[in-house]
Amino acid sequence: QIKTIIFDKTGTLTKGKPSVVQTKTFSKIPLLELCDLTASAEANSEHPLSKAIVEYTKKLREQYGSPSDHMMDSKDFEVHPGAGVSANVEGKLVLVGNKRLMQEFEAPMSSEVEEYMSEMEDLARTCVLVAIDRVICGALAVSDPLKPEAGRVISHLSSMGITSIMVTGDNWATAKSIAKQVGISTVFAEIDPVGKAEKIKDLQTQGLAVAMVGDGVNDSPALAAADVGMAIGAGTDVAIEAADIVLMKSSLVDVITAIDLSRKTLAKIRLNYVWALGYNVLGMPIAAGVLFPFTGIRLPPWLAGACMAASSVSVVCSSLLLQLYKKPLHVEEAPMTAGPGDGGSNLV
């Protein structure tokens, strides 16, 4: 019955292993110090972007000959859903997130910052701003490559009569660029977790059966609100708990597999019902002797019992044919590497 699927972006349509590809400072603060403060503030976050920033900082420390696992003392850590994080790092208020977070804490944005953000967004990169004591001191551009199968999956879903929509907390420019690459025409960007769930409810009020595919804490309200929630197995525990189906690895191909297999299973159940009903409607009167006055044919009790058992066996055998099921879409998996992009998938 699913006619609309909503996809999250980071970790769902993309590989979920972003990396910092460019940095920019807007003050005299040294890059290493900026990254140290940022990583210390992000250390307690489970978001993929946070992990990318922490990993980048570790590599930067190695280049400068500093201990790679050193973290500054961080207190009052707080996650601002759909915006970023804030923390008190060695007495300094550190804000790490998007434009919305800066506006929330009244951190002024200069024209230089705006231009840099626009430049990165045009390149389909996520621009993470860093403010220290409400002054924007730098930015990190993060790139998260698309999953190789994303475009084919969206195209195949369209051929199945299913509309794909992307809902993300990322900026509009990056969201539109990603959506264009995979073939999604309807996009909602800069949406917080509650907003994602509300978008699903709006579609449901239109009489649509909606599925949600996501992987992060930010997706859990939407996964719970959807008629069918599908969580990426490599995602957070909160998302997995909120979902109805878990894609054990990360391949979007299993979204198609889940829908197709469920349709075939329901079709098999209907076939079994029709077969069992027809079998019993014809068999029971014969076993009761309806034909005996006209033809002299009747079923002895042992044969009637055997026919009843055969009915059950035939239904079971029909159901077992589902073991011959083959996925409607196959995508060759890339060899496993240490870098971003490990993927694959099964269903639970």
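A: With a relative accessible area of 22%, Thr-23 is partly exposed, a class that lies between buried, under 20% relative accessible area, and exposed, over 50%, as judged with a 1.4 Å probe and protein chains only. The structure is a predicted model, in which local features need a pLDDT of at least 70 and side-chain atom pairs count only at pLDDT 80 or more, while totals for chains, interfaces and linings use all residues. Residues are numbered from 1 along each chain as its sequence is written, and side-chain values use heavy atoms, with hydrogens and water left out.

Thr-23 belongs to strand 2, which covers residues 19–25; strands (E, at least two residues) and helices (H or I, at least four) are DSSP runs numbered from the N terminus. If residues up to four places away in sequence are set aside, Thr-23 touches Leu-31, Tyr-56, Tyr-116, Ala-139 and Leu-140, where a contact means heavy atoms within 4.5 Å. Leu-261, by contrast, is 238 residues from Thr-23 along the chain, and the two C-alpha atoms are separated by 45 Å.

Lys-17 sits in the loop between helix 1 (9–13) and strand 2, and this lysine is partly exposed as well, at a relative accessible area of 36%.

Arg-61 is part of helix 3, residues 48–64, and counts as buried because its relative accessible area is 2%. The C-alpha atoms of Arg-61 and Leu-32 are 7.2 Å apart, although the two residues are separated by 29 positions along the chain.

Glu-90, in the loop between strand 4 (84–89) and strand 5 (92–97), has a positive phi of about 50 degrees despite not being a glycine, and its relative accessibility of 52% makes it exposed. Glu-106, in the loop between helix 4 (99–104) and helix 5 (111–122), is likewise not a glycine and has a positive phi of about 55 degrees; at 68% relative accessibility, Glu-106 also counts as exposed.

The cysteines can be treated together. A search of the whole structure finds 0 disulfides, a disulfide being a pair of cysteine sulfur atoms within 2.5 Å. Cys-127 is in no disulfide, since the nearest cysteine sulfur, that of Cys-35, is 13 Å away, and Cys-127 is buried at a relative accessible area of 5%. Cys-317 is in no disulfide either, the nearest cysteine sulfur being that of Cys-307 at 15 Å, and Cys-317 is partly exposed, with a relative accessible area of 43%.

As for the whole, the chain has 13 helices and 12 strands. Its radius of gyration is 28 Å, well over the 20 Å that the globule rule gives for 348 residues, so the chain is more spread out than a compact globule; the radius is taken over C-alpha atoms, and the rule is 2.2 Å times the number of residues to the power 0.38. The C-alpha trace spans about 105 × 40 × 35 Å along its principal axes. Buried residues make up 43% of the 348 residues, and of the contacts with a separation of 6 or more, 61% join residues 24 or more positions apart. The chain exposes about 17700 Å², of which carbon and sulfur atoms supply 57%, the areas coming from the Shrake-Rupley method with a 1.4 Å probe and, for residues, only the protein chains shown counting as cover. The chain carries 31 positive and 39 negative side chains, and the centres of these two sets lie 10 Å apart. Here Lys and Arg count as positive and Asp and Glu as negative, with His and the chain ends not counted, and each charge is placed at NZ of Lys, CZ of Arg, CG of Asp or CD of Glu.
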